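Here are my notes for you, written as numbered points. Keep the model open beside you and look up each place as you read.

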Amino acid sequence: MAHDQAHAQAPAPAVGRPRPAAATRVRRASVLDSARVCAHVFAPMIAQGVVLRRPRLLGLAARRDSARRANALLADLRRTYGAGPLAVSVFGRLVVLPLCAADARAVLGRTPDPFTPANREKRAALDHFEPHALLVTPGPERPGRRRFNEAVLGTPHGAHHLAGTFLDVVREEIATMSSQLAADSVLEWPTFHAAFSRIVRRIVLGDGAAGDRALTKQLDALRADANWAFAHRRRTGIHDRFTARLRTHLDRAEPGCLAAVVAHTDHDDDTDPAGQVPHWLFAYDAAAIAAFNTLTLLAAHPEAAAQAREDLIHRDPADPHVLATAQHLRACVQESLRLWPTTLVILRDAERADQLAPDGAAVAVISSFFHRDRETLDFADRFAPAAWLDGRADPARGIVPFSAGPAACPGRNLVLFTVTAVVDAVLRETAALRPTGRTVLDRDRSLPHTLDHTATRLLAPPAG
Ligand code: HEM
C-alpha cells in the first residue's frame, strides 16, 4: 500500500522520554502543525460536543464542513511526514494520530494492553454520568464487565432474543409519530428524536419508562457537563437523582426489555450492572442520529429507497430474523455511519512504550479520516451501500464506525437491528421521502463530511 511504502522510507526519530530508537515508529509534528491539528481537528470536534451535540455549533461546523477540513489536513500531514503514527501536542498533551489504516487497526486490536480504552480525557468526560461503564473501565474489572455487556446486549446475534418485542415497539412508536405529523407531512429532527427516545426507553427499561422524559433530560444535563470533561465540576445532586430514577425502572425488571435481561444475567461482584445502563441510554442516542441520516440519504437517493421499498414488500413484517438479514437496508444504515461516524474520535492511552506510541501518550483514531480517504477508497465521498455487501467497506481499510478489536462496540448488532427496524417502519408508513427546505445532499457532488442532522427536514407523506 502506498502509505506503508511512504512510511518505510521515513526516518523515525524517538518521541518523549529516551527509549531505544528502534522501538518507536512515531514522528513528531512541528509546533505549527500541532497548532493546525488543534485548530482544525480537535477544536471543532470539542466545540460541537463530543458527548452531547450542541446544535448551534454543529450547524456552524456543518456550514464550514469542518470535518472535511480536518480530513484534508490529516491527508496533508501524511504527505509531509509519511504514513507512520504522528505525535502532536494538543493543548499540552502528547497525542499520537495513526495516519494509515493498518496502524489504526493495530491500536484498536491491541486494546486494552498496551492501549487502554480508559483514556484520561474520556474518563474525565464520562465520570460525570457513567463512572463504572465498561467503556472507561481499566484493568482487572474489564473482562467481567465486557462479558456482562455482551450477554445482555446479545453481541454475537444479528437478532437479539427479544428482537420480536423490540420490533413491535419500533412499529408502534413510528406509526404514532407518522400519524401525528402536521398536514404538510414534514418530518424534522425534534419529532423524530422524541419518537426514537421513547423507543430507547422502552427497549432498555420497559413500557413503564416510555414517557419518562425527565430521565432523559437528567441524563442530557449530565452529558452536557461531560462535554467539558475536567473543566466542569461533577454535579452529584443531579447524578444521584438520575441514578435513583434509573434504579426504579431497573427494579421493575419489566419482561421484554433489557432491564429484565440485566436482572437475570450472572455477573462478577465488581461489574455494577446498573452502572452499565447509562451508557446504553447515551449510546442509543447516536443510533437516532444514524437513523435520521439514513433517511436523509434515502431521500437524496431515490433508487436506493426504491430498492429498500421493493425489498420490504417481500419481507414478512413480523419476523425479526428476516429484518436482521435485510441486507440492502442494513448496508444503507452502515453507510450512513461510514459517511458520518457518530463517535467523532476513538481514544486510547498507551500504558507502556510501544512502536506506535510513547508511554503515557494518548492515541486518537479519527475514523472519519479513514472512512473518507480518497487515496484508498474510490467511493470515499459517495453513498455506496453496496460497498458493505461486496467487502470494500472493510475494517482493514480503517472503516470502523463501531471500532474494532476486543473493545469494539458490543451493541453493534442491537443498534443495526433497531435502526434498520426504524428505517423500515418509516418506509412502510410513508409513500415517499424527499428532502425539503435547505436539506440538500447533491448526489452528483462529493457528500459533505459534516452533516447537521438537527437541521434536516424531510417530506414524508403518509402511505396509502
Ligand atoms: C450508532 C450507534 C453506536 C455506535 C456508532 C457505536 C460505536 C461505538 C464505538 C466506536 C465504540 C468504541 C468507543 C471507544 O473505544 O472509545 C463503542 C463502544 C461501546 N458501545 Fe457502542 N455504539 C453505538 C451504540 C451503542 C449502544 C446502543 C450500546 C448499548 C446498548 C452500545 C454499547 C457500547 C459499549 C458497552 C461500549 C464499550 C465497549 C468496551 O469498551 O469494551 N453502543 N461503541
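1. Let's begin inside the protein, with the lining of the second largest cavity: its residues divide into seven nonpolar, three polar and four charged. Please remember as you look that this is a predicted model. The space in this cavity comes to about 150 Å³. Its lining is made up of 14 residues, and those nearest the centre are Ser197, Val200, Thr216, Leu281 and Asp285. Helix 9 (189-205), helix 10 (213-226) and helix 13 each bring at least two residues to this lining.

2. Now go to the largest cavity, which has a volume of about 350 Å³. Around it are 23 lining residues, and Gln48, Ala67, Pro341, Leu344 and His449 lie nearest its centre. Sorted by class, the lining has twelve nonpolar, ten polar and one charged residues. Which helix gives the most to the lining of the largest cavity? Helix 2 does, with five residues. Helix 2 (31-48), helix 4 (66-81) and helix 13 (277-300) each supply at least two residues here. In total, the model has three cavities of 30 Å³ or more.

3. Find the iron atom of the ligand. How many donors does it have from the protein? It has a single one, the SG atom of Cys409, 2.3 Å away. Cysteine 409 sits in the loop between helix 17 (367-371) and helix 18 (412-429).

4. Tryptophan 388 is also found in the loop between helix 17 and helix 18. Is this tryptophan buried or exposed? Tryptophan 388 has a relative accessible area of 18%, and because the cut-off for buried is under 20%, it counts as buried. Leaving out residues up to four places away in sequence, tryptophan 388 touches Ala331, Gln334, Glu335, Arg338, Ala393, Ile399 and Pro401.

5. Threonine 342 is in the loop between helix 16 (327-339) and strand 6. It is buried, with a relative accessible area of 14%. Setting aside neighbours within four places in sequence, threonine 342 is in contact with Arg53, Ala286, Ile289 and Leu337.

6. In general, most peptide bonds are trans. The bond from threonine 111 to proline 112, however, is cis, with omega near 5 degrees. Aspartate 113 and proline 114 are joined by a cis peptide bond too, with omega about 10 degrees. Proline 114 and tryptophan 388 are 274 residues apart in sequence, and their C-alpha atoms are 31 Å apart in space.

7. Last, check two backbone angles. Most residues other than glycine have a negative phi. Aspartate 65, in the loop between helix 3 and helix 4, has a positive phi near 45 degrees. Aspartate 272, in the loop between helix 12 (258-264) and helix 13, has a positive phi of about 55 degrees. How accessible are these two aspartates? Aspartate 65 is buried, at 12% relative accessibility, whereas aspartate 272 is partly exposed, at 25%.

Key. Residues numbered from 1 in each chain as written. Predicted model: local features only at pLDDT ≥ 70, side-chain atom pairs only at ≥ 80, totals over all residues. Heavy atoms only, no water. Donors = N, O, S within 2.8 Å, 3.2 Å for Na, K, Ca; no water. Helix = DSSP H or I, 4+ residues; strand = E, 2+ residues; numbered from the N terminus. 1 Å grid on protein atoms, 1.4 Å probe; cavity = no way out; pocket = protein on both sides within 12 Å on 5 of 7 lines; lining within 4 Å. Points joined across faces, edges and corners; volume = space filled by probe spheres on them. Nonpolar A, V, L, I, M, F, W, Y, C, P; charged D, E, K, R; others polar. Buried < 20%, exposed > 50% of the residue type's maximum accessible area, 1.4 Å probe, protein only. Contact = heavy atoms within 4.5 Å.
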